[in-house]
Amino acid sequence: MRRVSTNVLVIGGGAAGMAAAVGAAERGVKVILVERDDRTGGVLNQCIHNGFGLHFFREELTGPEYAERFQKMLTEHNIDTILRGHVWKPLFDENKVWVITASGIWEISYDALVVTTGARERPFGALMIPGDRPSGVFTAGLAQRFVNIENRLPGKRALILGSGDIGLIMARRLTLEGMEVVAVVERLPYPGGLERNVQQCLVDFDIPLLLSHTVVRVEGYPRLQKVWIAKVDEKFRPIPGTETPYEVDTLILSVGLIPEVELFEGSLDIHPKSRGIKVANTGRTNRNNVFAAGNNVVIYDLVDYVSREGFMAGKHAAMFVENPDITKELKRVPIKTGENVAVLSPYWFEPVEDLRLYLRVSKPMEDVILRVKPSIYEKRYERVAPNEMISLTIKADRVSEETDRIEVEVVTNV
Amino acid sequence: MKVVVIGAGVVGSLVARELVRHDFDVTIVERMPDPGMGVTRANSAIVHAGYDDPPGTLRAELCAMGNSLFQNVCEELGVEFKRTGSLVVAFNDEEKKRLDRLVKQGEKNGVPNLKLVERNELLTMEPHLNPGAVAALFAPTAGITEPWMLAISAVENAIKNGAKFLPETEVIGFETKGGRVRKVITNSNSIEADIVINAAGLFADEIAELAGVEHPPIHPRKGEYILLDKAVGRIVQRVIFPTPSEKSKGVLVLPTVDGGTLLGPNAVDLPREHKNDLRTTVEGINEVREKALLLVPDLPIHKTIRTFAGLRPETPQKDFYITAEMKPWGFINLGGMRSPGLTASPAIARYVVEYLIEEKFGIKLQKNEKFDPVNNRINHPTAGSVEKWDRLIDEDPSWGRIVCACNEVTEAEIREAIKKGARTLDGVKFRTRAMFGRCQGGFCTFRIMKILSEQLGVPIEEVKKSVDGSWVLDGHVRSDNT
Ligand SMILES: Cc1cc2nc3c(=O)[nH]c(=O)nc-3n(C[C@H](O)[C@H](O)[C@H](O)COP(=O)(O)OP(=O)(O)OC[C@H]3O[C@@H](n4cnc5c(N)ncnc54)[C@H](O)[C@@H]3O)c2cc1C
């Protein structure tokens, strides 16, 4: 076994991890980044469409272009990057991990750890959709790999379940590459992805978007032949009599992302609802020297936010290395979800840093007030919807020292 | 003496492997690309203790005997088997009385160490169990295994000892002459045979009919399952049964050998024509969920990674249908292999060779002196120590390349599986557990296809999921063609 040590170890080299590595290295500490894929970038590498970096670089870039910017920074900061490295067993109490690589197993000891393992796609099996188990059902990410990396199509006619951004983008991509996309089906009464993607990926290509619908059965063996969809009621229960068959050989799933946290369960606190790692606004988890950022904390819809949080986590990891005593009188204020807030991050506020809040409302609403209590912040929004994450920054000094609980709510403006 | 075994489920595979201990020329014919892809692929994977079946039936006799042989067979074949024990839980006095009857029945069947446990002890043994339980029958000899691996491994071992395996080959008829079977006709060849063993699972009745042999009709009884991620942890330590009904053992909650949790099966009778109907249904999955929650109320159903169905080969008389035919001479039926067919399979293998062939057919067994009982399982380094794993990587770096991240399967394991006969994604999946984990192949399917394509020397679009027609990739993208 090869043993090395570092100040900051970053697990996962996607958008969050690259930013974390850079954020830590900027403060002059030694950083090692471990990535399980052949290259850094994570999901960015699969997203060869435009739309990345508007916030962060003030430019519109493709996924790989955006990743490249960060890959350059990794090189500039001489960050040791271990590719094709699989973190096997994190040993939190000993501050070390084992990493499996083709050059052997590495034991890496760290002063501070940043986990940026992203999210995985919810698989078909988890949806419990009845019917056959044929070939021809793929997650959007897998289909993207087939198309973008192998230049092969997964079939001739496809139906897409889920109108998240990945689903919408795949609808356009598959159409452009020669497949027929018969519909995008979404069980919510509104699309899951960004409005601009609905317009550019579906409307512009005449692909129907069937809201309040879901797949109720798949048929075919050995290859998929038919997908049955049905209308659903407000509790997402299929309405009898509304079943319609679609003859397709391919079903693409874009039904949500699940934070990749299993490696840390039991050691890091997991949010029971979002299933992401609980963090403070510094990225710090329940462990003083362990930080997390990106989609394993909460599912973001813009990579720019992910990079920003990655940077922040990296920076605070480095600050911990510089002075472990800062956690001695660490103050943490819990942040609670109030009315109409479905998803909220971070989980704690540490006054050493500004508070960047990310939230999703639980339903589409018009003319609302977003309130951070007690009397910390208020803002009016004309329209809010669950598919558009709200992000706002509150200066640290807006939260008074006596505050022992923060609550965020979104209520109708009266 | 030439023996043709039809069907490489757990029964046919173990019979074939038992045959090569002796001087038989064995050919195994299987219509799927791999062994163990029929009934053997989707069932509860329990090695039953043997108290369920009425004394005097073949099921009772072979189940108890199979249980006692299981450990040894699994050790030789490198198949996982864990003697977890099982609990049949009673929720009221009426059910508790039925437990007493089960104990008596078990003792008659020769099941060792059966014991009734009262509520307090029971809840200490299984803290997640519904606290409404009043007592349980504890059978320490019950266990869990990986049925498809047992079939795969038995076939590999049979091949090592001289048997021929013909995958993707379907039996379509027989040539009989002078009251004996002479040839087995398949869709691609014909094979000379002195003895034919019909272990065709759900299709055993149809195979018998092709040979002009009687066999009770087989109809499928569907059982659906929910599989929970291993991240759930060991929510139950043992196999948990409700008190059984006439029709089935009920919906269970049990651990799987690789750390997952399995819920199911329900029981729905289907018409004979539905022998390929592996569809899951809303009603079935709901039934399984509800009944499983009655046993273990805090099951995290949201951690489901897969739902699937299996088909039990049922006959009207319920018992296994095992016969040695005299007309045509040499034809052996191993049909009606409902539960506990898996448990009984090592015993059935012996019964066939030592009783049906030797005694009934009067064939003198001649030992195969070179028989080697051992099949080496593909090494799975996560299961061992870091130091060992590290040394493996030194020898061959592909042991250090993780392909399936959920189950930590290395490239070396995938390559080994292909060397051992995997030619499809399912072939790799069932041999290595790659694509078996919580992301269900989202991350690694693509890589495995590339390895298959490279190692088999076929273009990537020819890599299939399983049988012919289960293609994965179609054409090239448009921008690639122009
Ligand atoms: C829901 C369910 C739960 C169960 N639970 C348990 C349990 O917990 N414990 C237990 O002990 N038992 C259990 N069983 C029973 C057990 O699974 C079976 O008894 C056992 O797997 C049967 O094996 P087999 O080899 O007879 O059949 P199969 O595995 O079906 O093998 C038959 C093979 O024959 C092949 N074949 C068919 N026709 C042809 C042809 N014409 N040409 C060539 N090949 C052909 C098929 O492809 C197949 O591979 C369960 C069964 C089910 C369905």
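In chain B, residues 24 or more positions apart account for 72% of the contacts (heavy atoms within 4.5 Å) with a separation of 6 or more. The model is predicted: local features need pLDDT of at least 70, side-chain atom pairs count only at pLDDT 80 or more, and totals for chains, interfaces and linings use all residues. Residues are numbered from 1 along each chain as its sequence is written, chains are lettered from A and ligands numbered from 1 in the order in which they are written, and side-chain values use heavy atoms, without hydrogens and water.

Of the 482 residues in chain B, 63% are buried, meaning under 20% relative accessible area with a 1.4 Å probe, protein chains only. The radius of gyration, taken over C-alpha atoms, is 23 Å, which agrees with the value near 23 Å for a compact globule of 482 residues. The globule rule is 2.2 Å times the number of residues to the power 0.38. Along the principal axes, the C-alpha atoms of chain B fill a box of roughly 65 × 60 × 45 Å.

Chain B holds 13 helices and 23 strands. These are DSSP runs numbered from the N terminus: helices are H or I, at least four residues, and strands are E, at least two.

In chain A, five strands form an open sheet in the order 22-20-27-24-25, with mixed pairing. Two strands pair if DSSP finds at least two bridges between them. Strand 22 (348-349) and strand 25 (377-384) of chain A are the edge strands, each pairing on one side only. Ile335(A) has Ile406(A) in strand 27 as its bridge partner.

Notes: Buried < 20%, exposed > 50% of the residue type's maximum accessible area, 1.4 Å probe, protein only.
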